[in-house]
Amino acid sequence: MATLLHGISSPSVKEIVAPDWSLYPNFTVKEFTCRCGCNRSDMDTEFMHKLQQLRLAVGPLKITSGFRCASHPEERKKKAPGAHSAGLAADVVPLSCGRYEFLKTALDLDFVGIGVAKSFIHLDTGHPTAGRPALWSY
Ligand SMILES: [Zn+2]
């Protein structure tokens with residue numbers, strides 16, 4: 001629940017707070033910056049916290065896609081922008097653990113959207129419009 005400065009709590013307004021990237025020592029803001037050229041990297045802090053926990057459990061992760069604004073080519077293909085545009089998702093490649101261990105750990109950490117592609121695994125902690133939990137392949 002967001003607490004506004006004048007003391008009134010608003011359950012419907014989620015504050016957009018820029019993540020403190022020093023809290024995620026195994027990741028850099030550059031890895032999550034939208035590649036359309038807008039330079040935004042509005043990742044959700046809870047998502048980043050979970051991803052850091054995952055990283056500590058399974059070892060190095062390559063981020064192939066992080067934040068994507070509504071103008072990003074992948075998002076423009078969709079009817080409405082998805083979890084990446086809400087800062088709630090990343091596409092990752094586990095570099096030193098197997099996919100079974102990776103998925104088991106991601107489920108234990110309560111990632112609620114998991115998409116398994118040949119070359120990456122999508123993880124999210126929610127979606128603005130699609131139902132969660134959900135598991136899919138590409
Ligand atoms: Zn962008």
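The paragraphs below take the sheet, then the core, then the helix pair.

This is a predicted model, in which local features need pLDDT of at least 70, side-chain atom pairs count only at pLDDT 80 or more, and totals for chains, interfaces and linings use all residues. Residues are numbered from 1 along each chain as its sequence is written.

Helices (H or I, at least four residues) and strands (E, at least two) are DSSP runs, numbered from the N terminus. Two strands pair if DSSP finds at least two bridges between them. Five strands form an open sheet with mixed pairing, in the order β3-β4-β6-β5-β7. Its edge strands, β3 (61-65) and β7 (134-137), each pair on one side only. From one strand to the next the twist averages 25°; such angles run from 0 to 180 degrees between N-to-C directions, and axes are lines fitted to C-alpha atoms, for helices over the stretch in contact.

Strands β3 and β4 are antiparallel and share four bridges, with Ile63 bridged to Val92 in β4. On to β6, β4 again runs antiparallel, with four bridges; here Ala89 has Asp124 in β6 as its bridge partner. Strand β5 (residues 113-116) pairs with β7 in the parallel sense over four bridges, and Gly113 stands opposite Ala134 in β7.

A residue is buried if 20 or more other C-beta atoms lie within 10 Å of its own, exposed if 12 or fewer, and partly exposed in between, with C-beta atoms placed from the backbone. Five of the six residues of β4 are buried, so this strand is largely enclosed by the rest of the structure.

A nonpolar core is a set of buried Ala, Val, Leu, Ile, Met, Phe, Trp, Tyr and Cys residues joined through C-beta atoms within 7 Å. The largest such core has 23 residues, of which Ala90 and Leu123 touch the most other members. At least two residues each come from α2 (45-58), β4 (89-94), α4 (99-108) and β6 (121-124); α2 gives the largest share, five residues. Two residues are in contact if their C-beta atoms, placed from the backbone, lie within 7 Å. Leaving aside neighbours within four places in sequence, Ala90 is in contact with Phe32, Leu51, Ile63, Ser65, Gly66 and Leu123.

The axes of α2 and α4 come within 10 Å and cross at roughly 140°. The two helices α2 and α4 are therefore oblique to each other: angles under 35 degrees count as roughly parallel, over 145 as roughly antiparallel, 65 to 115 as roughly perpendicular and the rest as oblique. Where they meet, Leu54, Ala57 and Val58 in α2 face Glu101, Phe102, Thr105 and Ala106 in α4.
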